[in-house]
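Me: I am new to this structure. Please show it, and then let us go through it in short steps.

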Amino acid sequence: MSLPPAKSPLTPASAEARRARLHPDVLKLGLVSFLTDLSSEMIFSVFAVFFTTVAGASTALLGLIEGLADFSASSLNYLAGWLSDRSGRRKWFATAGYGFSTLAKMILLVSSSIAGLAVFRVIERLGKGFRGPPRDAWLSSIAVKESRGYAFGVHKALDKSGAVLGPLVAYALLKWLGESASTYSLLFVVAFVPAVISVVVLTRIPDQPGQPHARESVRENWQQLSAGFKCFLVPAGVFALAYFSLGFLLLKAHGVGFGMTDVVLLYALFNGVCVVAAPLVGKRGDKVGRSRIVVLGYALYGAINLWLVVAGSRWEMVGIFCLYGVFYAIEDSQSKAFIADLEPERRATAVGVYNFVTGGLYLPASLVAGALWTVAPGLAFGLAAVLSVAAIVIFLLVRPAAVGPR
């Protein structure tokens, strides 16, 4: 009597079930990010215009500070990822990073000078750099591969929900009390409260430790990373040179006729679109493959910058900010899910290396954008479009997903 054929370990029905499954800690980590972004985006939604028009700084200085902020956000990424993978600890390092960002916001409670604003912007990003790799490795460990893109998308949606509410709170305060120094001081105080709560919530989530590599040096750690991930760094680095600060888009909107409070609403619109798009593109990536989604993000960013070269109306800027929300949903969540696929064992390190490399390139990107802006804003956007196309070509040539893990 013959035995029935063995069932596949993962049938289409079971794959769909795993794809729909979402670990409850994904939502808890999302709540932490929601509260943190609620706090941060209340400040960042007004920072570029406040820094240049109220505090009196130049756009060139804005480019320098934004570039330094992006660099500081990436400077500790590799170290944080290596320490997290070396010890296997996720929660401790993530909590330290969130706590440091919260303490940095206290600077705004005592100073709103150009120097104080610049110091805050750079130091606050150090905490982001330290918390990112351990948290993303933590998130990838509780999300099965079949639904990993969806999990990262849901987390990003919650994260950006705070970024929607934050600018709206800032808008309400500015509209109610007027654009005065005392209003901005109150805004900074209000923004400090959810930042503190986020740290408290994080301490209540149980840790998900990774496999420790206690004797592994930084050099050995790099050597053990997968070839597929190292291939991905090449197009990602080229694209990072195109990825200048969102502050320049806000300045473009201000230049075509949006007032200070209207710019805040545009920022909220961008984040709102990101909230809706992030889970959808995550699910799509789970089905069609994350390589296609990553390339789509590069292409969309290039198209946005081409549009910015010729855009001159308020309605065009509304459309651009909507598309930018879709792009950001892809770039900021699905690239991390893609890295988790490429590097299954040392994920904190891989995310840290990725953030370190791309963040280091954000500095020259923002510096060049600031310099080109003084000549003609269209030059900055045109260069970004060209670099986006170059990143797509390189990605298709190196094919990191085909190389894959070791």
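Me: What percentage of the 406 residues count as buried?
Reply: This is a predicted model. A residue counts as buried when its relative accessible area is under 20%. Of the 406 residues of the protein, the share that passes is 55%.

Me: What radius of gyration does the protein have, and what would a compact globule have?
Reply: The C-alpha trace spans about 85 × 45 × 40 Å along its principal axes. For 406 residues, a compact globule would have a radius of gyration near 22 Å. The protein agrees with that, at 21 Å.

Me: Which contacts join residues at least 24 apart, and what percentage do they make up?
Reply: Take contacts between residues at least 6 apart in sequence. Those that join residues at least 24 apart make up 86%.

Me: Is α10 roughly parallel or roughly antiparallel to α15?
Reply: Helix α10 covers residues 227-240, and helix α15 covers residues 347-375. Their axes come within 9 Å and cross at roughly 20°. Angles under 35 degrees count as roughly parallel. That makes α10, relative to α15, roughly parallel.

Me: Is the crossing of α10 and α15 left-handed or right-handed?
Reply: Two packed helices are described by the angle and the distance between their axes. The crossing of α10 and α15 also has a hand: right-handed.

Me: How many nonpolar, polar and charged residues are in the contact of α10 with α15?
Reply: From α10 come residues including Phe229, Phe232 and Leu233. From α15 come, among them, Val353, Tyr354 and Leu361. By class, the contact has eleven nonpolar, two polar and no charged residues.

Note on methods. Residues are numbered from 1 along each chain as its sequence is written. This is a predicted model: local features need pLDDT of at least 70, side-chain atom pairs count only at pLDDT 80 or more; totals for chains, interfaces and linings use all residues. Side-chain values use heavy atoms; hydrogens and water are left out. Axes are lines fitted to C-alpha atoms, for helices over the stretch in contact, and angles run from 0 to 180 degrees between N-to-C directions. Helices (H or I, at least four residues) and strands (E, at least two) are DSSP runs, numbered from the N terminus. Angles under 35 degrees count as roughly parallel, over 145 as roughly antiparallel, 65 to 115 as roughly perpendicular and the rest as oblique. A crossing is left-handed if the near helix is turned anticlockwise from the far one by less than a right angle, and right-handed if clockwise. Contact means heavy atoms within 4.5 Å. Ala, Val, Leu, Ile, Met, Phe, Trp, Tyr, Cys and Pro count as nonpolar, Asp, Glu, Lys and Arg as charged, and the others, Gly among them, as polar. The radius of gyration is taken over C-alpha atoms; the globule rule is 2.2 Å times the number of residues to the power 0.38. Buried means under 20% relative accessible area, exposed over 50%, partly exposed in between (1.4 Å probe, protein chains only).
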